[in-house]
Amino acid sequence: MKRRSMLAGITAMTAAPLVTGCSSDDSAKADITAAVATSVAHIIGATAITEVFADGQKLTTVALKYDKEIARSSVSLAAFRVKDRTVTNVYTNATAAKAGHGANGAYVIIELSPHDAAARVYTDAFTGSSASATGASSAGASSTRPSGPPTGSASGERKGGGMSSGATLKTATAQVTQVATVKTTDGDSYAASSTAVKTSKVVNLIVDDFQQGLKYTDSATGSSLTYNLYIPEDYDKTKSYPLVLFMHDAGTTSTNPLITLTHGLGAVVWADPLWQQENPCFVLAPQFTDQTDEGSDGNATALKTIKGLIDSVTSKYSVDKTRLYTTGQSGGAMTSIALDFTYPDLFAASFLVAGQWEDLEAVKPLARQKIWAVVSQGDETAYPGMTGIMDTITKEGTPVSRAVWNGQLTPSEFAPLTAEMRAKNTPVNFVALKKGTVVWPGLEESSVDNHICTWRAAYTITGIREWVFEQKN
């Protein structure tokens, strides 16, 4: 039925120019119309493929499926147009997947610029800008690709442990037109068309690998949490795996459980196939609906419920309880801090991003833990707040390594800096991203924008994640 409707649209769009053209040969017009119709009819499906970047999920690829194998040599950038998008690469493949290079197959892979405004699937008040150092976490691909258009501005209102960001997630769609002839491997020619084909399927790289929107209800508190869980590929219950708990910022609280997976790299970076290849692990990513269940204020009920969720997962699966790790940004970092001093023996290491805690007496148990903290000097709340925590830990007799880094470095440029700090072999590491190097182009050099840009940089730093996984209780 869809194909019939498509053919009707093609005929309607091509008939008018033929009537007004210089030729009066009806059979010629019919032949042309039939040729156009045939070329689009041979496209039997279109899939939108998304990736998650430091500033959110974007549609970066369309896979067109043809009814025959397409010759690799017959496709080019000029052969396809995608509405409101910039085509950056075109090649053929045997599956609906990015490959980096072509091979004869029934799919034409059309890669699109993540800098396009229309690329965005995830959107909030801070997603109108980008920097070349940001990364994408995607299957079988480098995690150092740039993202987002270098335009726009945003501001946000401080909301507890984060900001009110207005996070939304839309369905990824694209409209593709084959504007030049392509050829099959058996010699057929599929003519150009003026009719666009709309994607009808979506593949969300890494995000789809999570069990999504699960629900946990704590028998002790009566409270519930929605969460997402990544289970290692080829999970073997006779083996034992580490688990990473990621908690988003308070500004991305939502009833949509996918926001925590799509707003940035904090959850998906641990499930990236490149990371999992060397570090198979579980990734637990709860989606908080409001500040009452996210625990950044030390709410005892919220903390007990989160702890109960961890216990539930670790009892169901073969998880190494000596290698439980917590990480979070802003409000999520604050919840990690609260869990750390409430349950001081729970986590083997904590990766705290843009976090703080006002009651410095309460954080003294952190002096007995393994911590790597990252804040921005331009963040007028988290920077002094985390500095206070580090000073408290130091006074308790725990060695703390401190450094100031350029926040616009690429993952490879961060590598020697993390190696230098790791070589000091201290239980606590504190990195401040230098003021003036953190905020992405298009945003403001404000405390709020320094705050949100901290986690856009922090989760691209591979060496910190490697340090986390070296820690055991």
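1. A residue is called buried when its relative accessible area is under 20%, exposed when it is over 50%, and partly exposed in between, with a 1.4 Å probe and protein chains only. By this rule Val207 counts as buried, because its relative accessibility is 1%. The model is a predicted one, in which local features need pLDDT of at least 70 and side-chain atom pairs count only at pLDDT 80 or more, while totals for chains, interfaces and linings use all residues. Residues are numbered from 1 along each chain as its sequence is written, and side-chain values use heavy atoms, with hydrogens and water left out.

2. Where does Val207 sit, and what does it touch? Val207 is found in the loop between strand E15 (201-204) and E16, where helices (H or I, at least four residues) and strands (E, at least two) are DSSP runs numbered from the N terminus. Leaving aside neighbours within four places in sequence, Val207 is in contact (heavy atoms within 4.5 Å) with Val52, Gln57, Gln212, Leu261, Thr262 and Val268. The C-alpha atoms of Val207 and Asp272 are separated by 9.5 Å, although these residues are 65 residues apart along the chain.

3. Strands of a sheet pair through backbone hydrogen bonds, either parallel or antiparallel; here two strands are taken to pair if DSSP finds at least two bridges between them. In this model 9 strands form an open sheet with mixed pairing, in the order E16-E17-E19-E18-E20-E21-E22-E24-E23. Its edge strands are E16 (210-217) and E23 (400-405), each of which pairs on one side only. Neighbouring strands of this sheet are turned by 20° against each other on average, direction ignored; for such angles, axes are lines fitted to C-alpha atoms, for helices over the stretch in contact, and the values run from 0 to 180 degrees between N-to-C directions.

4. Helix H5 (residues 300-316) lies across E16, strand E17 (224-230), strand E18 (241-247), strand E19 (282-287) and strand E20 (319-329), and runs at about 40° to E17.

5. An open sheet of 3 strands has the order E3-E11-E14 and antiparallel pairing. Strand E3 (80-82) and strand E14 (197-198) stand at its edges with a single partner strand each, so one side of each is left without a neighbour in the sheet. E3 is joined to strand E11 (residues 175-178) by 3 bridges, and Gln178 in E11 is the bridge partner of Phe80.

6. In soluble globular proteins, nonpolar side chains tend to be buried together. A nonpolar core is here a set of buried Ala, Val, Leu, Ile, Met, Phe, Trp, Tyr and Cys residues joined through side-chain atoms within 4.5 Å. Of the 50 residues in the largest such core, Phe210, Trp270, Phe351, Trp372, Val374, Tyr459 and Phe469 touch the most other members. The largest share of this core, 6 residues, comes from H9. Apart from this core lies another, of 44 residues, among them Leu225, Met247, Ile389 and Met390.

7. How many aromatic pairs does a search of the whole structure find? It finds 16, where rings of Phe, Tyr and Trp (its six-membered ring) pair if their centres lie within 6.5 Å, and planes under 30 degrees apart count as stacked, over 60 as edge-to-face and the rest as tilted. Tyr235 and Tyr241 form a tilted pair, 5.5 Å centre to centre with 40° between the planes; Tyr235 counts as partly exposed at 27% relative accessibility, whereas Tyr241 counts as buried at 6%. Trp270 and Phe469 form a stacked pair, 5.8 Å centre to centre with 15° between the planes. This pair links distant parts of the chain, since Trp270 lies in the loop between helix H3 (259-262) and helix H4 (273-278) and Phe469 in helix H10, 199 residues apart.8. Two charged side chains lie over aromatic rings, which here requires NZ of Lys or CZ of Arg within 6 Å of the ring centre and within 35 degrees of the ring normal. The charged end of Lys307 sits over the ring of Tyr343, 5.5 Å from its centre, and Arg456 lies over the face of Trp440, at 4.3 Å from the ring centre.
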